[in-house]
Amino acid sequence: MLKRFLIALLLFAAAGRAAAVDYTDIWFNPAEAGWGVNVVQSEAFQFLTFFIYGSDGKPTWFTGQVTRDASGNFNGTLYSTTGTYYFLPWTGFMGGPVGTVSFQPLDPYTAKLIYTVNGVGTVTKTIQRQNLTPITIGGAYSGAQSATFSGCTSNYSFH
């Protein structure tokens, strides 16, 4: 019985450590309002959209397609994107690869964002999830467990 309990405890602990973290959210640096990164994750792949500004002060869009490596960081290609003025009919995507990007989780709520654009230096930012509204978790919760034991050699009582 003790052996079964220890095995169950080890399996439970291993399952807890194996849980994946989903980083899908809006990320930013609170000391630098006005820019940020949207992260959408699907298992070991992330699609990033940046809302930042170019050297001319104009809004500039970048996207990143990154995959998770053995260390848990996401690395890949950074793309520049442009399109048709929003009031006109869409005539298609223009742009292409312009650099590299890395999303490096520090914990479930903070990460390091590192990117290069056209070989002009490397930008490194510590970012965090942007809380939009509080999520209230309230109410009454209950749980139960049911078990059937047979063939036990010891006289244990479970309640």
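User: What should I know about the model before we start?
Analyst: It is predicted, so local features need pLDDT of at least 70 and side-chain atom pairs count only at pLDDT 80 or more, while totals for chains, interfaces and linings use all residues. Residues are numbered from 1 along each chain as its sequence is written, and side-chain values use heavy atoms, with hydrogens and water left out.

User: How many aromatic pairs does the structure hold?
Analyst: Nine. Rings of Phe, Tyr and Trp (its six-membered ring) pair if their centres lie within 6.5 Å; planes under 30 degrees apart are stacked, over 60 edge-to-face, and the rest tilted.

User: Why is the pair of Tyr23 and Trp27 called tilted?
Analyst: Their ring centres are 6.4 Å apart and their planes stand at 50°, so the pair is tilted.

User: What makes Phe50 and Tyr115 edge-to-face?
Analyst: Their planes are at 75° with centres 5.2 Å apart, so this pair is edge-to-face. Phe50 lies in strand E3 (residues 45-53) and Tyr115 in strand E7 (residues 110-116), 65 residues apart; strands are DSSP runs of at least two residues, numbered from the N terminus.

User: Why is Ser102 called buried?
Analyst: Its relative accessible area is 7%, and buried means under 20%, exposed over 50%, partly exposed in between (1.4 Å probe, protein chains only).

User: Which residue's side chain does the side chain of Ser102 join in a polar contact?
Analyst: That of Asn75, at 2.6 Å. A polar contact is a pair of N or O atoms within 3.5 Å; within protein, one must be able to donate a hydrogen and the other to accept it, and residues adjacent in sequence count only if both atoms are side-chain atoms.

Terms used:
Helix = DSSP H or I, 4+ residues; strand = E, 2+ residues; numbered from the N terminus.
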